[in-house]
Amino acid sequence: MGKRDKTTFSCLEVILIVLLVLMTAVTVTLLVLHFVSDKSTSEINNVSTSTSSPGYNFTSTQHPSTVGSKNYLIGVGRADCTGPIAEIPLMGYASPDQLAGGILSRLYSRAFIVAEPDNSKRVVFVSADIGMVSQRLRLEVLSQLKSKYGDLYRQDNVVLSGTHTHSGPAGYFQFTLFLITSKGLIEPSLKAIVNGIVKSIDIAHQNMRKGRIFINKGLVENSQINRSPYSYLQNPPLEIRRYSSNTDKEMVMLKMVDVSGQELGFISWFAVHPVSMNNTNHLVNSDNMGYASYLFEQEKNKGLLPGEGSFVAAFASSNLGDVSPNTKGPHCINTGETCDNPQSYCPVGGAKMCMAVGPGTDMFDSTKIIGQNIYLKAKELYATASQEITGNLSSAHQWVNMSDVTVQFNATHTAKTCKPALGYSFAAGTIDGVGAFNFTQGAVEGDPFWDAVRDQLLGVPSNETKDCHKPKPILFNTGEMLLPYPWHPEIVDIQIITIGSVAILAVPGEFTTMSGRRLREAVKSEFESQGTHGMNVIIAGLCNIYTHYIATYEEYQVQRYEAASTIYGPHTLSAYIQLFRRLARAIAKHEVQDLPKGPEPPFFNVTNLTLLPTVLPDVAPLNKTFGDVLQEVKQHYRVGEVVEVTFVSANPRNWADDMTDHTFLTVEKYENVSRSWRVVHNDASWETRFYWSKGLRGHSNATIEWHIPNTTEPGIYQIQYFGYRKVKPPLKPSVFYPFKGTSSAFEIIKL
């Protein structure tokens with residue numbers, strides 16, 4: 001990746017082990033000291049506790065599309081939710097070395113509101129370019145919506161979904177495990193996402209108009225592989241033979257237009273991990289699904305910069321748990337041989353050498369290839385969508401204690417879910433992002449050394465938890481770890497919204513391919529058994545709260561990463577199927593109002609503690625000032641080449657709130673007619689890259705690259721850089737001053 005390549009150090013294993021133990025102990029101690037005196041189990045009091053839309057009345061048990069055709073009220077909105085782009089951990093790989101150091105593309109929240117013509121009922125779906133939705137994030141969003149709109153937007157009719165990019169800022173969680181991997185709760189990160197989601201809903205709310213919705217489906221080829229095929233093959237052979245692939249290739253799209261035919265946007269769902277950008281990346285970006293949105297929105301909002309324009313294209317997550325975009329598959333990075341085996345293990349170097357790549361020459365290329373594949377299929381489905389969705393809206397929601405669900409298999413056979421726990425193979429990571437210390441996937445036995453470390457630092461798992469999770473060997477017994485706050489959630493959102501014949505299941509984690517198939521079939525069957533036929537059942541992933549993975553019972557037995565990360569035990573999927581069937585039954589029988597709301601989730605009074613370094617006052621080199629050019633552009637470039645310029649910089653964390661809706665850079669073309677500079681790219685453009693390099697004692701540099709696309713017009717261009725510098729007067733609060741830098745003009749010439 002050029003300047004930001006990750007360096008590999010060779011150390012004795014024992015040194016690494018000691019460092020990990022010390023780091024964990026120090027982190028936990030700091031968090032305990034800071035939080036324990038302030039510990040609170042208070043909840044956000046003004047979050048609505050209603051569990052159904054008032055006045056709900058399902059008037060027909062026919063196929064919903066046979067209900068009289070009518071227009072919906074539709075609103076779409078998009079807002080920036082990027083937040084800080086420097087020194088912040090990136091959320092997804094849980095690598096302490098992967099800190100943000102710049103930006104490749106901005107992150108957006110995309111909101112869609114659909115209401116009945118008489119405005120009596122409405123539902124909201126939000127897809128945000130973030131790793132996942134946290135419980136803290138959802139509660140704060142609902143609180144803001146409550147204060148603005150009263151009971152119009154509630155926990156039952158608002159779905160928040162993360163695209164699952166692994167290149168967005170962390171720091172917006174309230175449970176201890178995520179606080180540790182995020183270096184605490186980072187207020188600027190949380191605030192940017194909350195405000196971005198709420199703003200996107202505000203925009204959609206303000207722009208509602210009469211419109212129509214069309215559904216279409218199609219297969220996306222050459223864009224995914226199953227990263228745990230050994231686990232998948234543990235499922236019953238008869239079940240496996242029903243499907244042509246070990247991944248779900250189908251994309252489902254809801255196209256939205258107003259009554260005059262003006263295009264509003266669409267939501268699509270497709271199962272693939274946004275991990276084309278690997279764990280050596282340090283640039284904030286929305287990965288392959290975000291690139292697909294970028295391509296579609298740029299096409300529809302012609303002549304506008306990214307993030308501008310009314311057309312909104314959302315590529316939302318689905319049952320992506322075991323689905324990788326790295327289509328060349330797993331290979332040993334030191335020898336090149338395949339490591340597609342049950343343990344993802346290399347003969348030389350072990351599990352940490354086994355990684356998947358592709359299809360491109362590097363992660364940037366791979367991101368664009370996969371994103372373009374997804375975009376092209378969406379473009380085809382959008383153009384040919386003709387099946388109209390009509391019928392009533394509904395929503396159903398419950399909070400459930402997922403550590404204590406009794407699953408009723410038949411009249412005599414039951415099972416229970418477990419207190420949360422992570423298995424040994426959780427530490428192994430996946431072929432998309434390997435773990436540390438050569439933990440291996442498929443571990444069904446513990447290790448005496450690591451058991452002893454766990455017991456001393458974190459406590460001994462109870463026999464009840466051990467027995468409940470078998471055959472998982474427990475590495476972290478998170479359900480029994482309560483300081484400074486619980487390490488994992490127990491109260492989980494279960495939610496379905498329906499738009500006519502479309503049922504969207506808001507699942508709180510990462511369902512594997514077969515888990516998703518079973519859930520979809522079960523819910524569809526439940527609707528049919530109640531006389532509601534022809535439902536299109538969609539799984540929306542990473543919604544409302546994050547509970548890691550959901551593997552099938554059979555996949556759980558072999559304990560690869562996805563199974564080791566199924567935190568509520570071997571019967572987790574069966575519990576979710578039972579719970580979602582109950583919601584579907586309530587909708588079909590118009591008994592949503594009778595559903596118990598369940599135990600409300602906690603809201604912990606976590607303050608703005610981070611383990612991030614303090615932002616020092618910015619210092620410019622001797623005889624230089626902020627924005628001065630340190631490395632100048634060349635005079636001439638051709639398309640396909642890279643323009644590069646380096647400026648005297650300040651820390652991008654300065655004044656992060658103001659930079660959310662602005663840009664760190666522009667590429668500008670000189671217009672001879674108007675004799676002025678016109679912005680053609682900014683930091684939301686995938687053609688630009690902004691690298692920030694931290695020096696000593698407040699010094700830093702910013703390098704901007706422009707990868708000149710083939711569509712670039714010949715002419716005169718320049719690059720500008722925008723930032724804020726921090727000054728700390730004696731005995732006074734810090735002050736932030738804006739500045740900018742400008743490159744020399746350069747010419748793009750024809751080939």
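**Burial and contacts in a predicted model**

Author: T430 touches R227, Q441, Y561 and E562, where residues up to four places away in sequence are not counted and contact means heavy atoms within 4.5 Å. This is a predicted model, in which local features need pLDDT of at least 70 and side-chain atom pairs count only at pLDDT 80 or more, while totals for chains, interfaces and linings use all residues. Residues are numbered from 1 along each chain as its sequence is written, and side-chain values use heavy atoms, with hydrogens and water left out.

Reader: Why does T430 count as buried?

Author: Buried means under 20% relative accessible area (exposed is over 50%, partly exposed in between, with a 1.4 Å probe and protein chains only); T430 has 8% relative accessibility, so T430 counts as buried.

Reader: How do you know that K726 has no salt bridge?

Author: A salt bridge needs a side-chain nitrogen of Lys or Arg within 4 Å of a carboxyl oxygen of Asp or Glu, Lys and Arg being counted as positive and Asp and Glu as negative, with His and the chain ends not counted. For the buried K726, the nearest side chain of opposite charge is D618, at 7.5 Å, and there is no salt bridge.

Reader: What does the side chain of K726 reach instead, and at what distance?

Author: The side chain of K726 reaches the backbone oxygen of V615 at 2.6 Å, to be set against the definition of a polar contact (a pair of N or O atoms within 3.5 Å, where within protein one must be able to donate a hydrogen and the other to accept it, and residues adjacent in sequence count only if both atoms are side-chain atoms).

Reader: What makes α2 largely enclosed by the rest of the structure?

Author: Of the 15 residues of α2, 11 are buried, so the helix is largely enclosed; what covers its buried residues includes β6, α4, β17 and β24. Helices here are DSSP runs (H or I, at least four residues), as are strands (E, at least two), numbered from the N terminus.

Reader: How do you know that the UniProt "binding site" positions cluster in space?

Author: The unreviewed UniProt entry places this feature at H164, H273, E510 and Y549. Although these positions are spread over 386 residues of sequence, their largest C-alpha distance is 12.7 Å. UniProt annotations may be inferred rather than shown by experiment.

Reader: Why do E510 and Y549 count as buried?

Author: E510 is buried because its relative accessibility is 1%, and Y549 because its value is 3%. A polar contact of 2.9 Å joins their side chains.
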